Amino acid sequence: MFILLFLLAVTHIQFYISRDLAYLEDKAPFESLKQEFEQFYSSHGDSWEHVGSARFEASGSFAEILLSAEGKTLYQQGSLSKEELLEDGYMLALHAGDRKIGRLYVMNDRQFKTYEFKTMWYGMLPNIGIASLLFTLIAAMLTIFFLSWRLTIPIRRIIKGIEAIRKGDAAAVFPEQKKDEFGAISRALREMNDSLAEAERTRKQLMSDVAHELKTPLMIIQGELELAHETGSPLTAEKQASILDEVLRLSRLVHEVLDLSRLEAGMTELHPRTENLVALLGDLTAKTQFLVEDKQIHLSMHAKEEVISVSVEKARILQALYNLLTNAVYYTKPGGQIRLLAETTHLPDQQQPYAQIRIEDSGAGISEEDLPYIFDRFYRADHSRARPSGGTGLGLAIARQTILAHGGRIEVQSMVGKGSVFTVYLPLSARTPNMV
């Protein structure tokens, strides 16, 4: 089909080239005919009246002649229609002085033969087109058959891999990577299978971690109750307090696991309000003052502005910052210091301004090996940290997910023996809170 269109275009262009060459090679008859028509117009008082019955000596050299003036056909010689001549005839503009008086559309014998050849060729094109379509159809069927045969093997391998995924086979095999559609499908399926396998590993790891965290308090509770039952002696106030502590620990662990799961799944609905971040940090330092006093740690807060407006859910953002601050308190030795700094800043990849909170401590620091994992659930950089006194291992994970849910981000820098710096960025609110 493209070849036919190409031949059609070539024939069309060739006709007009041949027509114009015929004029250039034998201009004299064309100019003579033009002058005769212009003289007729002048000799008849600048009028074309009776031109249709006139005779022109130079007309014998032309197979086709058509005079058009003021949108009307005034003179015509030959067998072609008006439309055919207007489209394919060679045009000669007629003038009387500077005034245009009409147009002649002409064909000499050579031009007329070229026109007949073009017309004949155009008449043959439908038959050629039909033959071409039949040939194309046969070629297409053979190509489809060949391609279907070639593509059967990778398709079957992809189907086999999908069936393996359906059965839960993590080692599903797909066709080798290629730079085609099947290669793209194979890569997508392989990535999906890897994601499913990773999700399954994460689920199993979570179940293992939760079971491990639940095991110790449950064993303590079970041991105390079994001992009381076997001896028949009532639980002392001290034993009751111990059991209550373990129950509270279990309750806190369950709530934190559920809270973190909802945050990670995006199922937590936030109810943000415009708050003064400086006031929130003031409340936070007051709430943790008793912790730093017990360890004789110097805690200070510095803000470059009196009011920094952020849109947050107060309770959740305070809990996230509290987790970060208590983590700093735990790892800072007695006599150390912790600084809270608040200011507004601009991030390189963001247009809107952000509030920046830095929590700097002079604690033990975090090793490079542990740094990438400190926000993972149940991960403890200090592997010797006792669970009864060391929390659930979910504090930093919950803090990170809470900050992300508020449209913020968190970064950490640390050096062993020098301390750590946790930096939190929160988007600034559009309006100022009614507080100072």
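1. Which residue in strand 9 is the bridge partner of His346? Pro353 in strand 9 is that partner. Strands here are DSSP runs of E with at least two residues, and helices are runs of H or I with at least four residues, numbered from the N terminus.

2. First, the ground rules. This is a predicted model, in which local features need pLDDT of at least 70, side-chain atom pairs count only at pLDDT 80 or more, and totals for chains, interfaces and linings use all residues. Residues are numbered from 1 along each chain as its sequence is written, and side-chain values use heavy atoms, with hydrogens and water left out.

3. Now the sheet around strand 8. Strands of a sheet pair through backbone hydrogen bonds, either parallel or antiparallel. Two strands pair if DSSP finds at least two bridges between them. Strand 8 (residues 337-346) and strand 9 (residues 353-361) run antiparallel and are joined by nine bridges. They form a hairpin, with six residues between them. Thr344 stands opposite Ala355 in strand 9.

4. Strand 8 also pairs with strand 6 (residues 298-303). These two run parallel, and six bridges join them. Leu299 has Ile338 in strand 8 as its bridge partner.

5. Angles run from 0 to 180 degrees between N-to-C directions, and axes are lines fitted to C-alpha atoms, for helices over the stretch in contact.

6. Next, a helix pair. Helix 9 (residues 314-331) and helix 11 (residues 395-405) pack at about 140°, with axes 9 Å apart. The two helices are therefore oblique to each other. (Under 35 degrees counts as roughly parallel, over 145 as roughly antiparallel, 65 to 115 as roughly perpendicular, and the rest as oblique.) Contact means heavy atoms within 4.5 Å. Arg316, Ile317, Ala320, Asn323, Leu324 and Asn327 in helix 9 meet Gly395, Leu396, Ile398, Ala399, Thr402 and Ile403 in helix 11. By class, this contact has seven nonpolar, four polar and one charged residues. (Ala, Val, Leu, Ile, Met, Phe, Trp, Tyr, Cys and Pro count as nonpolar, Asp, Glu, Lys and Arg as charged, and the others, Gly among them, as polar.)

7. Look at Ala328, also in helix 9. Ala328 counts as buried because its relative accessibility is 3%. (Buried means under 20% relative accessible area, exposed over 50%, partly exposed in between, with a 1.4 Å probe and protein chains only.) Leaving aside neighbours within four places in sequence, Ala328 is in contact with Ile338, Ile359 and Asp361. Ala328 and Gly419 are 91 residues apart in sequence, and 8.9 Å apart in space, C-alpha to C-alpha.

8. Four strands form an open sheet in the order 2-1-4-3, with antiparallel pairing. Strand 2 (72-77) and strand 3 (90-96) are at the edges. The twist averages 20° from one strand to the next. Six bridges join strand 1 (residues 62-69) to strand 4. Ile65 has Val106 in strand 4 as its bridge partner. Helix 2 (residues 27-43) lies across strand 1, strand 2, strand 3 and strand 4, at about 40° to strand 3.

9. Finish with Asn108, in strand 4 (residues 99-108). Asn108 counts as buried, at 9% relative accessibility. Not counting residues up to four places away in sequence, Asn108 touches Ala22, Phe30, Ser61, Phe62 and Ala63.
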